[in-house]
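Here are some notes from a read through this one, jotted down point by point. Have the structure open alongside as you go.

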Amino acid sequence: MKQDERNRECTAEIHPELTTWKPGETLGEHMERRGVTRREFNTWCLKLLGLMGVTALCGSEAEAQEAADKIAAMKRPVVMWLQLQECTGCLESTIRSYNEEIGNLVLSVVSMPYVELLMAPSGAAAEKSFHDAAEQPHILVVNGSVPVKENGVYCMIGGETAETVLRRAAKNATHVLAVGSCAYFGSIQAARPNPTGAVGVRDILTDIPVINVPGCPPIGDVITAVIMYILTFEKVPPCDGEGRPLMAYGTRIHNNCQRRAHFDAGQFVNSFDDENACQGFCLYKMGCKGPNTFSPCPIVKWNGGVSFPIQSGHPCIGCTELYFFDRMSPFYKTLPNIHGFGIETSANAVGIAAMTAAGVGIAAHITGSAIRSRSQFRKEDANINLPAYGDAPKDRRPPKADDHITDTGE
């Protein structure tokens, strides 16, 4: 398969007309003309549908094939990609996707006439590309926050403020994706004291739905999977109350973490270079925010599924959560009173018990506790409130000073 892909790349270099889309051509026709077989194309489609559980919508093989047929019949969509007050990390993450089939979606399947990091035009030619794309129906992807202080002078593009550029680009957008935590709520730029007045996309585009794909940066496959979902099913994926697609942000990192068994057993890293760290114990006491962070990091991972921060030995900092830079800091302070094995006890209590009680007694207690509380744990797991954070602000207020994590003395 890899060699076949390389052969097609070489053919495309010699015959560039093969990679050029013809007017009215569908994705299936385009791929066939590029030498992709029907079997290869179906495999590609099913991988797309399988990413992040999208196949949950396809209850049978026939329904999955129907979805693949929809992808084949798709005509080349237009995507505008804005980069406002940000670091380019989100787009860098996307184009460095290790899933080649997904990565090719962004670079060759969709038409991106305006994306500052990748496009060749500049000056008047770039403005024409922007205008031509903005005047037709398109999916708008936005990286970066929008500064509003001092009339937006902190981020200017072609003599216009970021807010003006965003409103122009959103005028004919069929869907708007705020990709990255900067576009979600402002991220680091919006942290105290927020000198530029940075806000998220949804704080500007208040009259249309905004799909939030947070992370600093998000995993590339997550970004492209959300775009493909919209193109395939012609609707917004199911989202949580913060506008994050549930297929990616529907479960806590803590629930899928490879170190969870150590957490339940009260086995914690106490310093980054201790023996417990060498044994791969839980990073809860090192400030890991996994118990309060919704993200697919432990499932999809980074670098082609090689690892993610917790697996590599660094605690999660909660970068997919609202106002994480203020609410989750100090990053290496322990979260207070996170539930352990059985919702009636905290992780600290489990750790103390594991060190002081007899092994047999502990095992009997934990087993009995788990049986009694398992059904309740499942019901309440997604609704555990952490007083140290406060509830997700319904009015999207800036975090207050008392939202900071406090040291629990551990």
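1. A cut-off before anything else: a residue is called buried under 20% relative accessible area, exposed over 50%, and partly exposed in between. Asp132, at 36%, is therefore partly exposed. Bear in mind too that this is a predicted model.

2. The overall picture. The chain has 410 residues, and 51% of them count as buried. DSSP gives 18 helices and 11 strands. If you look at contacts with a separation of 6 or more, 73% of them are between residues 24 or more positions apart.

3. On to the cores. The largest nonpolar core takes in 53 residues, and Phe41, Ile71, Trp81 and Leu177 have the most contacts inside it. Helix 10 is the top contributor to this core, giving 10 residues. There is also a second, separate core, this one of 26 residues, with Phe130, Ala133, Ala162 and Val176 among them.

4. Ala162 deserves a click. This residue sits in helix 8, and at 1% relative accessibility it counts as buried. What does Ala162 touch, leaving aside its neighbours within four places in sequence? Leu84, Val146, Pro147 and Cys155 are in contact with it.

5. Helix 7 against helix 8. Two packed helices are described by the angle between their axes and the distance between the axes. Here, helix 7 covers residues 123-134 and helix 8 covers 162-170; their axes come within 8 Å and cross at roughly 40°. The two helices are therefore oblique to each other. From helix 7, Glu127, Phe130 and Ala134 meet Val165, Arg168 and Ala169 of helix 8. Sorted by class, that contact has 4 nonpolar and 2 charged residues, with no polar ones. Phe130 turns up again from point 3, where it belongs to the second core. The charged residues Glu127 and Arg168 are also linked with Glu160 in a network of salt bridges.

6. Side chains of opposite charge can pair when their charged atoms come close. How many salt bridges does the structure hold? The count is 11. Lys128 is exposed, at 52% relative accessible area, whereas Asp132 is partly exposed, at 36%.

7. Now a pair that sits further apart in sequence. Glu242 and Arg202 form a salt bridge at 2.8 Å, N to O. Glu242 belongs to the loop between helix 10 (220-233) and helix 11 (246-249), and Arg202 to the loop between strand 8 (198-199) and strand 9 (211-213), so the pair ties together parts that are 40 residues apart in sequence.

8. One last pair to look up. Arg244 forms a salt bridge with Asp240, where the closest N and O atoms are 2.8 Å apart. Arg244 counts as buried, at 5% relative accessibility.

Definitions and conventions:
Residues numbered from 1 in each chain as written. Predicted model: local features only at pLDDT ≥ 70, side-chain atom pairs only at ≥ 80, totals over all residues. Heavy atoms only, no water. Axes fitted to C-alpha atoms, helices over the stretch in contact; angles between N-to-C directions. Helix = DSSP H or I, 4+ residues; strand = E, 2+ residues; numbered from the N terminus. Parallel < 35°, antiparallel > 145°, perpendicular 65-115°, else oblique. Contact = heavy atoms within 4.5 Å. Nonpolar A, V, L, I, M, F, W, Y, C, P; charged D, E, K, R; others polar. Salt bridge = Lys/Arg side-chain N within 4 Å of Asp/Glu carboxyl O. Buried < 20%, exposed > 50% of the residue type's maximum accessible area, 1.4 Å probe, protein only. Core = buried A, V, L, I, M, F, W, Y, C linked by side-chain atoms within 4.5 Å.
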